[in-house]
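Let's take a walk through this one together. Have a look at the model first, and then we'll go from sheet to symmetry to domains.

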There are 2 protein chains.
Amino acid sequence: MKALLPAGTAQLVGIGDDAAVLRAPDARVVATMDLLVEGRHFRRDWSAALDVGRKAAAQNLADIAAMGAVPTALLVGFAAPGDLPVAWARDLVRGLAQEAARAGASVAGGDVSSADTIMIAVTALGDLAGRDPVTRGGARPGDQLAVAGRLGRSAAGLALLEAGLARPAGPVAVHRRPRPPYGAGPQAASLGATSMIDISDGLVQDLGHVAEASGAGIDIETARIADDPQLRAAAAALGGADWLAWALAGGEDHALAATFAAGTKLPPRWSVIGAVRAGTGVHVDGLSWAGRSGWDHFR
Amino acid sequence: MKALLPAGTAQLVGIGDDAAVLRAPDARVVATMDLLVEGRHFRRDWSAALDVGRKAAAQNLADIAAMGAVPTALLVGFAAPGDLPVAWARDLVRGLAQEAARAGASVAGGDVSSADTIMIAVTALGDLAGRDPVTRGGARPGDQLAVAGRLGRSAAGLALLEAGLARPAGPVAVHRRPRPPYGAGPQAASLGATSMIDISDGLVQDLGHVAEASGAGIDIETARIADDPQLRAAAAALGGADWLAWALAGGEDHALAATFAAGTKLPPRWSVIGAVRAGTGVHVDGLSWAGRSGWDHFR
């Protein structure tokens with residue numbers, strides 16, 4: 001497998017020793033870990049191994065970006081049944097390496113084990129390059145709320161797959177292979193973002209974490225969520241599904257949501273979709289909105 | 001769970017955000033990951049949850065020490081069936097936090113998921129404090145070979161448990177709860193160790209990695225391996241097992257083996273048990289020795 005994993009620029013000691021040694025030029029390191037379990041987070045009949053690897057890497061790399069950091073390295077734990085085809089494992093590793101490279105990082109180490117079910121643990125590390133980390137806790141009343149990346153396409157793709165449909169192809173492709181806007185995270189930090197979060201569980205639910213951590217309320221205006229022809233096409237293919245629900249509640253696109261002081265001029269990739277107000281909770285068009293529950297994290 | 005996990009001194013942003021932010025004062029970070037799968041790496045009927053947590057942390061923290069670094073933080077991924085008693089998960093977390101604290105570190109983040117089998121992924125991070133990392137690749141002919149920590153007790157404990165015995169208690173306790181000599185790693189680095197490895201798969205097998213990475217041969221003199229009354233007692237309880245085989249082939253004590261230039265004066269915790277020579281492979285008392293195979297790592 002090592003041959004599939006080129007050393008990254010951050011690697012001082014890579015795969016093959018007791019531990020990797022990586023540059024952390026900022027004298028701080030940003031670190032996150034997610035688990036993916038077959039049957040819960042992916043299905044082999046719906047996603048090719050390459051896509052599972054890309055997705056496993058993407059969701060962790062997006063968490064690094066959401067702190068305002070630049071990803072430097074991944075560590076990967078891989079547990080699988082002994083009868084798993086070697087080609088599947090190899091494609092998984094290729095996918096991890098490809099997505100790491102997209103974000104400027106590399107796979108620097110990990111572990112393999114046997115297990116009855118495929119489980120993938122990915123740790124991502126990143127560097128803040130002198131910027132303050134952007135937490136979930138800094139949103140202030142009056143701030144603008146903005147999003148980088150697309151909303152709801154992954155959820156639309158999942159709904160299509162669950163209905164046995166492989167088209168429209170756009171949302172299905174995003175569900176299999178999300179494309180987080182990695183560069184938008186450090187960009188937001190440089191623009192003075194007051195809070196930021198990776199949208200993994202759904203816009204409303206994840207903004208609920210920001211609202212709670214910040215001790216503030218958040219208003220979303222659905223009229224400002226860009227109309228997405230891919231979501232409309234998917235909704236039509238499913239006989240008239242609620243495309244806006246995907247945008248509000250669908251996770252796994254790994255778009256980034258951030259808040260910025262009023263008046264901050266934002267580059268085009270950041271779309272303003274609402275504002276921070278005094279109070280608590282997330283309102284959608286002025287009403288509180290009960291989103292579906294997502295994965296519980298370790299907090 | 002967060003209440004069970006006190007923030008460590010290295011933590012700038014801890015559990016509850018997209019990612020943790022940790023001090024890396026040396027501008028490098030040492031990072032490693034291991035997986036533990038129920039039925040492969042631990043059994044709930046043999047080990048309490050607290051001990052599984054301590055062991056999961058210990059084996060990763062020992063890898064950090066084996067690079068010459070001081071552990072700073074753990075990230076923990078935990079997948080388990082929905083019917084797992086909450087107390088089991090809580091004790092696991094307690095064990096992880098306890099062992100992290102023993103090594104001067106803390107649990108700074110992670111993820112939880114459901115799964116049919118318990119799986120634990122632990123990432124450990126560490127700081128070199130200005131020292132060069134000690135890899136497996138620097139052993140040179142003429143170097144002394146030394147070990148810090150005990151050899152074979154965990155394997156003896158496992159053999160007792162497999163035979164349905166809970167006594168002698170010493171080796172069983174070590175099997176459940178290894179006590180790696182964390183401080184010996186940075187100490188060896190400060191003494192100029194030319195190579196170092198965490199003994200997780202067995203002394204001979206792990207020294208085989210050092211020999212290969214260093215392009216040298218290694219000689220172990222069994223007469224210099226300290227006679228261990230605990231191993232002798234376990235061997236007697238099992239009707240005359242080969243205690244030396246445990247010391248040579250047993251892993252999971254997480255002792256450290258290191259090589260030092262000839263003439264390096266070593267503190268008492270480091271016992272010289274052999275030397276590096278020109279050539280290849282590991283010889284035990286002058287003969288090549290086929291050790292049992294261990295876990296394959298991701299290399």
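## The sheet in chain B

Start with the open sheet of chain B, where seven strands line up in the order β8-β10-β7-β11-β9-β12-β13 with mixed pairing. Its edges are β8 (195–199) and β13 (287–288) of chain B, each of which pairs on one side only. As for terms, helices (H or I, at least four residues) and strands (E, at least two) are DSSP runs numbered from the N terminus, and two strands pair if DSSP finds at least two bridges between them. Before going further, note that this is a predicted model, in which local features need pLDDT of at least 70 and side-chain atom pairs count only at pLDDT 80 or more, while totals for chains, interfaces and linings use all residues. Residues are numbered from 1 along each chain as its sequence is written, with chains lettered from A and ligands numbered from 1 in the order in which they are written.

Inside the sheet, strand β9 (residues 217–220) of chain B runs antiparallel to strand β11 (residues 270–277) of chain B, and four bridges join them. Here G217(B) sits opposite R277(B) in β11(B). Packed on the sheet is helix α6 (residues 203–214) of chain B, which touches β8, β9, β10 (255–260) and β12 (282–284) of chain B. The direction of α6 makes about 150° with that of β8(B); axes are lines fitted to C-alpha atoms, for helices over the stretch in contact, and angles run from 0 to 180 degrees between N-to-C directions.

## A pair of helices

Also in chain B, helix α3 (residues 153–162) packs against helix α4 (residues 169–176) at an angle of about 105°, with the axes 7 Å apart. That makes α3(B) roughly perpendicular to α4(B) (65 to 115 degrees; under 35 is roughly parallel, over 145 roughly antiparallel, and the rest oblique).

On the α3(B) side, the contact includes R153(B), L158(B) and L161(B), and on the α4(B) side P171(B), V172(B) and H175(B) are among the residues involved. By class, the contact of α3(B) with α4(B) has seven nonpolar residues, four polar and one charged. Ala, Val, Leu, Ile, Met, Phe, Trp, Tyr, Cys and Pro count as nonpolar, Asp, Glu, Lys and Arg as charged, and the others, Gly among them, as polar.

## How the two chains meet

Turn chain A by 180°, with a shift of 0.0 Å along the axis, and it can be laid on chain B with an RMSD of 0.0 Å (least squares on the C-alpha atoms of residues with pLDDT of at least 70 in both copies). That is the relation of a two-fold axis. In chain A, A27(A) has the C-alpha nearest the axis, 2.2 Å from it.

Across the interface, 56 residues of chain A are in contact with 56 residues of chain B (C-beta atoms, placed from the backbone, within 7 Å). On the side of chain A that touches chain B, the largest share, nine residues, comes from β3(A). That side of chain A divides into 31 nonpolar, eleven polar and 14 charged residues. Strand pairing crosses over too: four bridges join β3(A) to strand β2 (residues 20–23) of chain B, and the two run antiparallel. A31(A) stands opposite A20(B) in β2(B).

## Two domains in chain A

Chain A is assigned domain 1 (2–127) and domain 2 (144–288), with bounds taken from an automatic or database domain assignment. Their C-alpha centres lie 25 Å apart, and 17 residues of domain 1 of chain A are in contact with 17 residues of domain 2 of chain A. On the domain 1 side, α1(A) gives the most, with nine residues.

Note on methods: Two residues are in contact if their C-beta atoms, placed from the backbone, lie within 7 Å.
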